[in-house]
Amino acid sequence: MTVVARFEIRHSQFLDPSGKPVQPLPDFAKDPKELIALYRWMVLMRTYDAKAIALQRTGQLGTFASLLGKEAVEAGTGSAMAKDDVLLMTYRENGVQLMRGVSLQELFLYWAGDERGSDFAGPRRDFPISITIAAHATHAVGVAYAMKLKREPRVAVCALGDGATSKGDFYEGLNAAGVWKLPLVFVVTNNQWAISVPRRGQSASQTLAQKAIAGGFEGLQVDGNDVIAVRHAMDAALAKARGGGGPTLIEALTYRLSDHTTADDATRYRSPDELAAAWKLEPLTRLRAYLLEIGAWDKVQEDALLKSSNEQVQAAAQAYLDTPPPGPEQMFDHLYATLPSALEKQRAAALGKRDEREP
Ligand SMILES: Cc1ncc(C[n+]2csc(CCOP(=O)(O)OP(=O)(O)O)c2C)c(N)n1
Ligand SMILES: [Mg+2]
């Protein structure tokens, strides 16, 4: 017998949970300003997250999916992407969306069920949030295929969860991305849970990263609580894709510190000990510890940042609350470039207008 295939999956980490470097930092991370910028985003994400939950709990927002604990995956992904790249994401990637120019107010609108929240003014070519698990993996293939066909140096980034990697759409996406060598990066946030299904019940695959091997391209694992590791892996994957080197799958290991959504109660299916252990690994503490250690950050800056993030989020929440509710025509306005005539009639009816063509 001969061995016909062999592979290995690498895991990378730069800062350990206490914020100590475990290996020399990549070039971008040698500049404290870069790391402070990432830290600022992460604090803003967490502030937004807490406000969204507070709004939901007081009946002022719909069901919300928290990104608590995955701020490093968000900041590492968002900071590495170029403006012209295209993001295709789930409901738990509001942080990357923010970094790409979706406003806080638009995000609140989205979670209020207002279609205008998906019609964001900033990254017009980014896709709307895919609630349908893994469906956007196939859309991402289409986007990346178009980029390749047009010979544009752009990359599609498909962000999804550990649970999504069990879906047929995901495997189809992987397969097409590999065989067509597409400029596509899959960022899998492995937060250990898919609602109440734990990672061990999700897949017998030793890592989720190795699913890329069957697609014929590189898969790797990073510490998803270490923003430097995420950013570093994203930089390399995006550069490779832009240069014609094809897709990459990055599995970012982190933990969902929140309930699945505000409609869930995770205490019913996971232990407080597991949650407490995960809090010890969370991403903000470790980056802050490193910045404090190298003298690039202090308590005065920290307090000022918390204050300004809070003010920014409060102002956006107020602007959202002050937004007049959508009219009934809105349900027709975001599905088609040109509304089919049958729906035009219904739209007019919704607005209380008589259709002139009717007798
Ligand atoms: C096709 C499809 N099936 C089922 C659901 C219901 N659902 C919503 S979230 C979720 C779990 C997703 O888990 P994961 O991919 O790990 O993402 P996470 O929520 O942990 O970020 C499921 C099954 C859905 N939205 N779409
Ligand atoms: Mg998950």
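Student: By class, how many nonpolar, polar and charged residues does the shell around ligand 1 have?
Tutor: In this predicted model, local features need pLDDT of at least 70 and side-chain atom pairs pLDDT 80 or more, while totals for chains, interfaces and linings use all residues; side-chain values use heavy atoms, leaving out hydrogens and water. Residues are numbered from 1 along each chain as its sequence is written, with chains lettered from A and ligands numbered from 1 in written order. The shell around ligand 1 divides into seven nonpolar, five polar and three charged residues.

Student: Which residue places a polar side-chain atom 2.6 Å from an oxygen atom of ligand 1?
Tutor: Polar contacts here pair N or O atoms within 3.5 Å. Gly163 contributes a polar backbone atom, 2.8 Å from a ligand 1 oxygen, and His260 a side-chain N or O atom at 3.5 Å from a ligand 1 oxygen. The residue at 2.6 Å is Tyr91.

Student: Are Asn191 and Trp193 buried or exposed?
Tutor: Buried means under 20% relative accessible area, exposed over 50%, and partly exposed in between (1.4 Å probe, protein chains only). Both Asn191 and Trp193 are buried.

Terms used
A polar contact is a pair of N or O atoms within 3.5 Å; within protein, one must be able to donate a hydrogen and the other to accept it, and residues adjacent in sequence count only if both atoms are side-chain atoms. Ala, Val, Leu, Ile, Met, Phe, Trp, Tyr, Cys and Pro count as nonpolar, Asp, Glu, Lys and Arg as charged, and the others, Gly among them, as polar.
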